[in-house]
Amino acid sequence: MAKILIVEDEIPINELIKRNLQSVGHECISVFDGEEALNEISKKNIDLILLDIMLPKIDGYDVFQQTCGVPTIFLTARNGLTDKVQGLKLGADDYIVKPFEMLELLARVEAVLRRTKKVSDSFELDGLHVDFPSRQVYLDGDLIECTPKEFDLLEVMINNRNIALSRDKLLDLVWGYDFIGDSRTVDNHIQKLRSKFRLEDRIKTVYKLGYRLEV
Amino acid sequence: MKSRTFLLTLILFLFFFNSGILIVSTITLKNNLAGFKDQSLREHYFIVSSFVKDVKALEERGIPHEDAVESLYKSYDHFYSEQKVIITIALDGKQLFSDVNHHTFKPSETSRLMKSNERHVLTKKIDGKEHIIVEGALPSPYDRYTFTYYYDISTMLHSWQTMTMKLLIAGMCLGGLLAICLFFVLNRIFKPLQEISTVSRRIAQGEYNNRITIKGKDELAEMAASFNHMAEEIQNKIQQITEASKQKQQFIDNLAHELRTPLTSIYGYADYIQKVVRTEEDKLFATNLIMSESRRLQNIANRLLYMATSRENVIERENIQIKELICGVKQSLSMKANEKGIELIDECKFDTLFCEADMIHVLLVNLIDNAMKACEKNGMIKVSARIENEKKVISVQDNGKGMTAEQLNHITEPFYRIDTSRTRSIGGAGLGLALCKEIAENHEAELKFISKEGEGTTVKIIFTTP
């Protein structure tokens with residue numbers, strides 16, 4: 001998985017981001033000021049930087065100018081348009097305003113990683129092999145047929161693995177906002193995924209909330 | 001306004017000036033005419049009397065009076081026709097000798113009714129020329145004859161007309177000159193007004209530093225001066241308002257940031273517990289953070305509330321033993337000081353202070369707390385109550401890292417932190433000194449910061465009231 005550098009001086013927020021990214025399988029390095037960030041960037045091969053703008057010692061914009069093209073998502077508490085514009089004008093890949101939702105952060109991280117091809121094209125779990133570009137799923141080497149929606153659902157579950165997704169969220173992410181249906185649709189598809197891909201133990205039902213793919 | 005004044009003045013001038021000319025010339029004409037009439041009457045009388053005398057003399061010589069009248073008339077007519085005067089004579093209203101004179105005058109209608117010694121004067125246009133006509137009957141026994149005297153006044157009338165014309169033309173020329181002068185004079189008078197209107201328009205458009213140049217010492221200059229004063233005041237007020245709104249905006253931005261950061265943590269960890277956490281250990285970690293961040297929010301809320309209320313509340317002051325006050329402050333901070341290995345020293349040079357004890361307590365705690373943040377291990381903080389320049393002064397002195405002049409300018413602004421990253425590694429919400437400033441202002445005291453980078457900071461609370 002990707003190696004992500006988190007540059008954020010607020011310790012609780014830094015820890016929070018780290019825990020969430022780790023739970024979906026990324027490797028994280030936490031640093032708390034601009035100087036440390038530049039050290040880490042020069043030392044290690046980093047796939048993505050989550051960069052706060054207001055940092056001690058060297059501020060986020062200055063750090064960004066020395067990242068040598070490492071994909072970067074800015075984090076800021078300010079919702080001002082000038083901040084956003086300045087961030088994006090400098091060539092940042094995305095921009096997240098605090099307070100943010102964890103799923104939003106993960107989705108943006110995922111999107112940037114995919115765009116920059118820093119994420120693997122396939123996913124392996126207990127003899128299950130998912131190939132994202134060709135949208136094919138193999139179980140013990142055999143190709144298993146699945147509908148487009150089943151594949152979408154599986155992809156969302158994999159991208160947000162270890163995170164509980166509510167039925168409503170799943171409806172949003174897989175079927176889209178304008179889909180007219182109820183949570184039974186989600187339940188049915190989850191049942192199909194479980195039986196088709198031997199995921200009965202992996203896809204857990206979270207009480208009163210939804211489902212979680214545990215890896 | 002200007003053009004109206006211009007037109008009105010010009011029209012009034014032309015009207016009165018020309019009317020004056022007309023009145024004067026009319027009066028002159030009337031006087032002249034009256035003079036000519038008098039003269040004509042006298043002339044008529046003189047001619048008639050000499051004519052009658054001559055007729056009588058000729059009659060005494062035995063010449064019949066008809067012949068005498070004829071020959072005399074001829075010589076008289078000849079004599080007078082050279083003086084622009086025409087005389088005619090009529091018998092019983094019938095014109096005599098019309099073949100002799102070259103005039104085609106008709107006798108007036110009234111001539112028949114003439115009695116002797118009665119004379120008429122009138123002006124009449126004859127042959128295209130104005131004449132004064134005097135008619136009168138000859139005295140008896142020749143009262144059947146009417147003697148008429150014509151005096152040509154057309155030259156006089158003509159010269160009068162020319163004069164009037166000349167006067168009117170002169171009037172017009174003067175009017176034109178007046179118009180030009182009036183234009184310049186009015187321009188000069190209205191120039192300051194025009195300037196005022198341009199400047200006020202500019203000011204309305206936001207160019208507040210426009211001013212009118214003041215010339216002279218008249219009413220307009222006075223008005224310009226008061227206008228400038230007004231502009232000055234407006235500029236100042238606008239500046240104050242802009243400054244205030246900038247500060248307010250800064251405050252709101254900062255507040256939003258201060259609220260958002262803990263909220264991000266609280267929301268994020270709650271989210272984390274709900275969706276990710278599987279072990280008790282993780283749950284405890286997350287809940288702890290939620291609690292501490294909530295406390296931080298509460299802290300900010302309390303401080304803001306305190307600031308808001310302290311601004312309006314009237315403080316209840318009493319005489320406080322300064323030693324007790326400082327001891328109390330030391331006590332509440334001693335634990336923290338011990339932890340960081342900082343020494344607290346106090347010194348009291350006066351006994352009582354007229355203040356609200358709780359407020360000054362908060363103020364001192366805040367100042368000492370700040371001093372402690374600036375100090376390294378084994379630092380020293382000295383709290384002293386002294387009298388300087390006959391004013392009571394409490395000072396808090398540390399030997400910490402100090403501040404730059406730029407930082408000193410901002411430290412009492414709400415949410416300002418020396419560290420631009422606003423890191424909370426050394427704690428605080430950035431409201432401490434803003435609160436201190438409020439408290440000091442409530443006590444009519446002045447907060448003075450003296451600092452040098454690397455050498456430490458001294459904060460003085462100077463009480464202006466004893």
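1. Two residues are taken to be in contact if their C-beta atoms, placed from the backbone, lie within 7 Å. The model is a predicted one, and by this criterion 21 residues of chain B are in contact with 22 residues of chain A.

2. On the side of chain B that touches chain A, the elements giving two or more residues are α4 (219-275) and α5 (280-312) of chain B, and α4(B) gives the most, with 13 residues. Sorted by class, this side of chain B has 6 nonpolar, 9 polar and 6 charged residues.

3. Chain A contains 8 helices and 12 strands, and 36% of its 215 residues are buried. Among the contacts in chain A between residues at least 6 apart in sequence, 52% join residues that are at least 24 apart.

4. Chain B has an open sheet of 5 strands, with mixed pairing and the order β7-β9-β10-β12-β11. Because β7 (343-348) and β11 (445-452) of chain B stand at the edges, each with a single partner strand, one side of each is left without a neighbour in the sheet. From one strand to the next, the twist averages 15°.

5. Within this sheet, strand β10 (residues 391-398) of chain B pairs with strand β12 (residues 456-463) of chain B in the antiparallel sense, over 6 bridges; Ile394(B) has Ile461(B), in β12(B), as its bridge partner.

6. Helix α6 (residues 322-340) of chain B packs on the sheet, where it touches β7 and β9 (380-388) of chain B, and the direction of α6 makes about 180° with that of β7(B).

How values were computed:
Residues are numbered from 1 along each chain as its sequence is written. Chains are lettered from A and ligands numbered from 1 in the order in which they are written. This is a predicted model: local features need pLDDT of at least 70, side-chain atom pairs count only at pLDDT 80 or more; totals for chains, interfaces and linings use all residues. Helices (H or I, at least four residues) and strands (E, at least two) are DSSP runs, numbered from the N terminus. Ala, Val, Leu, Ile, Met, Phe, Trp, Tyr, Cys and Pro count as nonpolar, Asp, Glu, Lys and Arg as charged, and the others, Gly among them, as polar. A residue is buried if 20 or more other C-beta atoms lie within 10 Å of its own, exposed if 12 or fewer, and partly exposed in between; C-beta atoms are placed from the backbone. Two strands pair if DSSP finds at least two bridges between them. Axes are lines fitted to C-alpha atoms, for helices over the stretch in contact, and angles run from 0 to 180 degrees between N-to-C directions.
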